[in-house]
Amino acid sequence: MRLYFYRFGCLLALACFVSVAWIRSTPSDGESPAVADMQSLYARLLVAEDLGGQISRDLGNILEHLKNMSRASTITQPATTVKETIRQRMGDSGRQTLHQLSIDLYMPHLRQHPDSLVPNVVLGQGRHGVSMVLGIPTVKREKQSYLINTLNSLLYSLTPSQQQDLLIIVFVAEVDSDYVSSVAETIRKNFPTESQSGLLEVVSPSQYYYPDFSSLKETFGDSKDRVKWRTKQNLDFSFLMLYAHNKGTFYVQLEDDVVAKEDYYNAMKTFATREVSNHWLFLEFSQLGFIGKMFRTRDLPMIAEFFLMFHRDKPIDWLLDHILWVKVCNPEKEAKDCEAQKALLKQRYKPSLFQHVGLHSSLPGKLQHLKDKDFGKQTLYRPHSNPAAELNSSLKHYQQHSLTRAYKGEDFFWALTPVKGDFILFKFLQPLNVSNYMFRSGNIETSGDKFYNTTVEVLPSNALTQGREPDKHFIVIGEFKDGVAADTHSSSMTTEGRKPQTSSSSPAL
């Protein structure tokens with residue numbers, strides 16, 4: 001086909017050339033009767049010559065195009081994957097272009113399921129643009145779950161403005177949809193306000209995300225179960241990092257069995273802001289493993305890809321150290337120089353802001369007694385200067401943690417479990433004008449021990465002067481919500497006493 005067009009174009013051009021040459025070689029005899037006809041024919045042939053040249057050029061272009069198509073069809077292209085990894089092609093300019101790497105290069109089984117990397121968002125409002133994102137992977141534990149206590153600790157002392165500037169992502173690293181839904185429902189039930197506002201998110205991976213762990217090699221003396229556990233942990237952390245990388249400015253890796261210092265949010269944000277202009281890969285707010293490591297979210301794709309590249313080979317905290325080595329260590333220099341260079345890429349904050357509390361590891365059968373020595377003691381109460389009052393309660397205090405010592409600011413009040421009708425009574429020696437109040441139950445370590453179904457009531461001073469029976473004239477002015485009862489009134493009232501009143505059984509501090 002291509003040869004036919006080529007010959008046709010050449011013959012047509014040759015015929016036009018021969019015709020014109022013959023006409024031009026004809027003598028111009030003014031006395032010949034055929035001169036006028038020959039001149040007319042000559043003019044027509046000139047036009048035909050122009051048309052023949054144009055046709056020849058057009059055929060030449062068509063032939064060249066066919067040659068290019070034929071050449072392109074004979075080029076053997078490299079194998080492609082579902083998500084276009086390590087693929088090469090020829091651009092319009094003929095230059096070779098490389099395509100972006102993809103996760104399925106390190107996890108080939110993902111190619112069989114194009115949606116295997118789509119996160120399953122079970123709970124969340126799509127919050128983004130915050131200053132800080134906390135990532136908490138959690139798994140189904142055989143013995144005890146610490147997740148709710150961990151969330152209680154993180155949420156305990158946050159101010160409203162801090163809650164607006166924070167996102168806590170719980171990654172349920174399981175493919176059992178029933179279990180994932182049960183975790184999300186438990187979180188929604190325990191933290192309805194935080195769930196509704198978007199402060200809390202619950203996500204899980206696709207059922208096709210995890211590979212077949214049966215082919216893993218046992219290395220570093222670890223058992224097969226431990227190799228599987230650490231490999232899955234690498235995949236869990238990587239998934240969570242990739243999900244969180246566009247949600248905020250900083251990302252903090254946590255675990256589901258920690259407690260936080262009361263002012264952890266402000267301490268981390270202040271330290272990160274101070275160090276933001278320096279060259280670091282991560283900030284450390286705990287010395288234990290991967291707990292409390294803060295990264296810039298823009299670095300998360302690189303870090304996650306490194307973890308995925310070697311997810312079968314080493315534990316995740318070793319891999320993080322290897323990233324530092326690759327970045328700054330010179331193999332021709334001594335080890336101490338390497339350590340000094342790595343230290344520049346990680347800044348340590350003291351005292352530690354997070355403490356590990358879980359006894360039963362997520363690795364079945366393993367007990368861990370890890371404690372961060374730099375964490376110190378928690379602040380379990382805040383002393384206040386309270387007006388003089390007589391104190392009375394139906395609750396029996398535990399050890400030395402009495403109501404009297406708590407009211408004086410010397411300790412916190414710790415009592416046995418209250419039942420319906422129990423009360424705490426503060427009877428002021430002189431009537432007081434009350435403009436605001438606050439009662440807080442629970443503390444950072446035992447944040448689940450709170451007052452529930454408990455009201456705050458006051459007795460107006462005129463109830464006594466009018467000869468009324470005091471117990472029948474208390475006025476309800478508030479109730480405990482999430483362990484706290486607080487209010488600020490636009491106008492004050494004069495009161496003789498104040499009484500938190502429980503209406504049903506609940507644990508309390």
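Trainee: What is the handedness of the crossing of α3 and α5 in this predicted model?

Mentor: The crossing of α3 and α5 is right-handed. A crossing gets that name if the near helix is turned clockwise from the far one by less than a right angle.

Trainee: Which residues meet where α3 packs on α5?

Mentor: From α3 come Leu147, Ile148 and Leu151; from α5 come Val183, Thr186, Ile187 and Asn190. Sorted by type, the residues of this contact are five nonpolar, two polar and no charged.

Trainee: Now to a loop. How do you know whether Leu353 is buried or exposed?

Mentor: Leu353 has a relative accessible area of 4%. Buried means under 20%, so Leu353 is buried. This residue sits in the loop between β11 (346–348) and β12 (354–356). Its C-alpha atom is separated by 5.1 Å from that of Lys261, although the two residues are 92 apart along the chain.

Trainee: Where does pLDDT stay under 50?

Mentor: One such stretch is residues 68–92, and another is residues 503–509. Where pLDDT is low, the predicted coordinates should not be read in detail. For the protein, the mean pLDDT is 79, with 72% of residues at 70 or more.

Key. Residues are numbered from 1 along each chain as its sequence is written. This is a predicted model: local features need pLDDT of at least 70, side-chain atom pairs count only at pLDDT 80 or more; totals for chains, interfaces and linings use all residues. Side-chain values use heavy atoms; hydrogens and water are left out. pLDDT is the predictor's confidence in each residue, from 0 to 100. Contact means heavy atoms within 4.5 Å. Helices (H or I, at least four residues) and strands (E, at least two) are DSSP runs, numbered from the N terminus. Buried means under 20% relative accessible area, exposed over 50%, partly exposed in between (1.4 Å probe, protein chains only). Ala, Val, Leu, Ile, Met, Phe, Trp, Tyr, Cys and Pro count as nonpolar, Asp, Glu, Lys and Arg as charged, and the others, Gly among them, as polar.
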